[in-house]
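Student: I'd like to learn how to read a model like this one. Can we go through it feature by feature?

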Amino acid sequence: MFAHLPIALAVFDRKHRLVLFNPALIDLTRLSAEFLSGRPNLLTFFDMLREQHMMPEPKDYGSWREHLQDVINAASSDHYVETWNLPSGLTYRITGRPHPDAGIAFLIEDISAEISLTRGYRQEIEITQSVLETLEDAVVVFSQLGHLTFCNAAYRALWGDETEATISATDIAEATRSWQSSCHPSPIWGDLREFVLTLRDRAGWDAEIHTIAGERLFCRAEPLAGGATLVRFSPMPCGIVRQCRNVLQSHA
């Protein structure tokens with residue numbers, strides 16, 4: 001039944017002796033079939049994992065034994081889930097749960113590929129954010145629900161949003177109200193709110209805005225993956241007339 005399960009399974013009875021395991025347990029833990037067939041108890045099982053460097057190395061043996069007892073207690077009450085970062089570079093997810101007749105079952109899953117993918121994705125995000133931070137244009141990104149998820153230093157300098165707490169609590173409605181209060185009247189603010197929150201297919205658009213301080217800005221709204229939206233504010237080049245269109249005209 002469990003022979004082809006890629007997740008390793010180890011079931012211990014009420015006396016904490018191993019009574020059931022599958023081939024994946026041998027593959028993932030490198031413990032021999034002979035050792036496992038000898039029905040080791042829980043402490044011996046985990047001790048052997050430690051000796052085989054198949055679990056994080058404890059700081060000292062005394063605390064290790066205390067930790068093992070905590071693991072057993074948590075698994076007995078269905079509260080044990082832990083991630084092991086192994087010396088080999090592998091990452092395992094360990095789950096412990098009660099088994100019938102007061103036994104305990106442990107599931108061991110190799111999540112190395114998942115962790116690697118997540119780390120790679122985070123690294124890509126960090127690189128993208130680093131690039132956006134170097135831009136002279138003010139850039140802000142909103143989620144599909146309209147929450148502000150990223151803005152660069154140029155954006156904070158342009159609109160005076162200097163604190164992270166203020167930025168993280170901002171949505172598109174609050175942002176456009178702030179922009180609007182610093183600019184001469186323009187019909188684009190409502191259009192921006194609608195653009196950010198719409199669920200239908202979208203095409204990028206742009207418009208010209210004039211700040212009360214006398215600056216002419218080129219505002220560009222672009223759809224991103226996952227329903228997100230990027231809004232970019234660029235200074236209008238001197239002496240160049242740029243043809244900007246607003247959403248009201250495009251919908252006319």
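This is a predicted model: local features need pLDDT of at least 70, side-chain atom pairs count only at pLDDT 80 or more; totals for chains, interfaces and linings use all residues.

**Reading the model**

Tutor: Start with pLDDT, the predictor's confidence in each residue, from 0 to 100. In this chain confidence is lowest in helix α10 (residues 247–251), with a mean of 42, and highest in helix α2 (residues 33–37), at 95. Over residues 239–252 the pLDDT is below 50, yet this stretch has 26 contacts beyond near neighbours in sequence; contact means heavy atoms within 4.5 Å. Helices (H or I, at least four residues) and strands (E, at least two) are DSSP runs, numbered from the N terminus.

Student: In what order do the five strands of the open sheet run?

Tutor: Two strands pair if DSSP finds at least two bridges between them. Here the order is β2-β1-β5-β4-β3, with antiparallel pairing. At the edges sit β2 (18–21) and β3 (80–85), each pairing on one side only. Between β1 (residues 8–12) and β5 (residues 103–110) there are five bridges, and Leu-9 faces Leu-107 in β5.

Student: Is Asp-206 buried or exposed?

Tutor: Buried means under 20% relative accessible area, exposed over 50%, partly exposed in between (1.4 Å probe, protein chains only). Asp-206 counts as buried because its relative accessibility is 7%. Asp-206 lies in strand β8 (residues 205–210).

Key. Residues are numbered from 1 along each chain as its sequence is written. Side-chain values use heavy atoms; hydrogens and water are left out.
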